[in-house]
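Welcome, and please have the viewer open as you read. The report below begins with one term and then goes from the chain as a whole to a few local details.

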Amino acid sequence: MSDNMWSEQGKGTSKKGIDIAKNREKRGDDQATLRKHKKQQDMNKKRRETESSTDIEPNMNDLPKWKAQLFADDYAKILEATTWIRRYLALEEDPPIDEISSNPDIVRRLVELLGTSEPALQFEAAWSLTNIASGTSENTRAVVQARGIEAFAQLLLSGEPHIVEQAIWALGNIVGEEVWNRDHALKLGVLPPIIAVIVNDPSISMLRNATWTLSNLCRGKPIPSDIIRPAVQVLTDHVLPKYDSDDRVIIDVCWALSYVTDGPNYRIQWVLDSGIVPHLVELLPRIGTPALRTLGNIVTGSDVQTQIVVDAGILPKLHDILQNYNSNVRREVCWCISNIAAGSHSQIQEVISTGLIVPVIAQLTNSTVDVRKEAGWIITNVCHNGTSQQVQFVVSEGAISALCSLFTLEDVRASTIALEGIMSILKVGEAAKERSGSQYNEYALAVESCGGHEQIEALIYSRDVALKKTASMVMRSYFEQETRDPDEPVTSYGLQRDLQAPPGGYSC
């Protein structure tokens, strides 16, 4: 599998706090523009190769001439001008998209030409507008303001396959740029004709364009209306099983499903009802991030929905990926595992039984900051949601010192994750102390032996109000910390000094 299958495509950062039910976090995609530009470059390169090598390269000094000729009365002259403008926009280096899109007369005229009855002219105009819409948000907006969405929606009904394909491509560029564009296109009814193209055995080029455009119609926040459900059905029931061997198609299918599952649980159920989860799990090593993002979003759902993914065997796959890929991939894997660890006791036990705790703790102590924080969420969720036996197990594997290592990052988010995890561990230790009649909380002593209590004490002076409040509560509850003025000099507060360490010392 190529490395770009695992390339980072942008993620949200709305990790739910420990006090929110299930601590499960959804993750969105905010950089589909990268895919859009790469797709456009590939199209222009391929089509340039079909043109005669003796063709004269366009000269920017001639642009005013071709602009004037766009408004001629002669069909041949209009076609020639449209072709030259398309060639300007398809230049390999520095195409003058801004210069052309900032001229509303040219853009409006190109949109008008989509409505002619001449296929050659329609195609050249559509290609030109597709290239304009591949640029910046302002470039795309110029096409929209010229009523390009309406014109391309009509062009989907053309009987010419190459024109329909170009219309689909243009709409993919447009609807992926802004949510309003997406919603407007859906209201105009673009979805049924695109689905009809897919189910009628199109060329592979047409299929790739249609799948990519469907993925953009499913993308964006606020999420699109339930009108997109037929798109989900055609992707899961038709495209995924039939075109499994084409990675470009499957990648866009998985991105589309990741957008759909980044929403309410009933939309996750749309995907689950198709029965494709085992297929997605099998695709993980080959397709990478898009498949993982979809599965990761599914496990943000209910425990029942999460269990379907666990039963499909995702955890052994994640175990292998966690130890063999770069930091961006490891972060994504840890995010997915953390959402499973936010589930039921049996799901947490699956995480433990798969042997994931040791490599997760390794990531928690020895990786990039982002990976360490995601790995911290796994341990914190296990400790918050698990049984006392499960907490005891992760502590025996070094969870306390690993979590305390996050305090050294001097990062509010990292400190919050660590503090919540330590607090959950200390609660379990306190309950064990009361059951046994012991005079000490063994886990509190372990935190102290790692120097963690001093790090927690220092958080009392944090500028983050929530972090400061939690740190104060932990110190008062477990380390006999007296309430004092934050302006006083910091002194050492620990446990009762006359206590003897338990046999064998403390496990950090």
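Predicted model: local features only at pLDDT ≥ 70, side-chain atom pairs only at ≥ 80, totals over all residues.

## A term to start with

Helices (H or I, at least four residues) and strands (E, at least two) are DSSP runs, and they are numbered from the N terminus.

## The chain as a whole

What does the secondary structure of the chain come to? The count is 29 helices and zero strands. The chain has 508 residues, and 55% of them are buried.

Taking contacts between residues at least 6 apart in sequence, 73% join residues at least 24 apart. The accessible surface of the chain is about 21400 Å², and carbon and sulfur atoms account for 50% of that surface.

Most residues other than glycine have a negative phi, and most peptide bonds are trans. Against that background, Asp201 has a positive phi, near 50 degrees, and is not a glycine. Arg147 also is not a glycine, yet its phi is positive at about 65 degrees.

Where is Arg147? You will find Arg147 in the loop between α7 (137–145) and α8 (148–155). Is Arg147 buried or exposed? Its relative accessibility is 53%, and exposed means over 50%, so Arg147 counts as exposed.

A peptide bond is worth a visit too: the one from Lys221 to Pro222 is cis, with omega near 0 degrees. Pro222 lies in the loop that runs between α12 (204–217) and α13 (229–242).

## How α14 meets α16

Now turn to a pair of helices, α14 (residues 247–261) and α16 (residues 277–287). Their axes come within 12 Å and cross at roughly 120 degrees. Angles of 65 to 115 degrees count as roughly perpendicular and those over 145 as roughly antiparallel, so α14 is oblique to α16. The crossing of α14 past α16 is left-handed.

Which residues bring the two helices together? From α14 come Asp247, Ile250, Ile251 and Cys254, and they meet Leu280, Leu283, Arg286 and Ile287 of α16. Sorted by type, the residues of this contact of α14 with α16 are six nonpolar, two charged and no polar.

Definitions and conventions. Residues numbered from 1 in each chain as written. Heavy atoms only, no water. Buried < 20%, exposed > 50% of the residue type's maximum accessible area, 1.4 Å probe, protein only. Contact = heavy atoms within 4.5 Å. Areas by Shrake-Rupley, 256 points an atom, 1.4 Å probe, with all protein chains shown as cover. Axes fitted to C-alpha atoms, helices over the stretch in contact; angles between N-to-C directions. Parallel < 35°, antiparallel > 145°, perpendicular 65-115°, else oblique. Left-handed = near helix turned anticlockwise from the far one by under 90°. Nonpolar A, V, L, I, M, F, W, Y, C, P; charged D, E, K, R; others polar.
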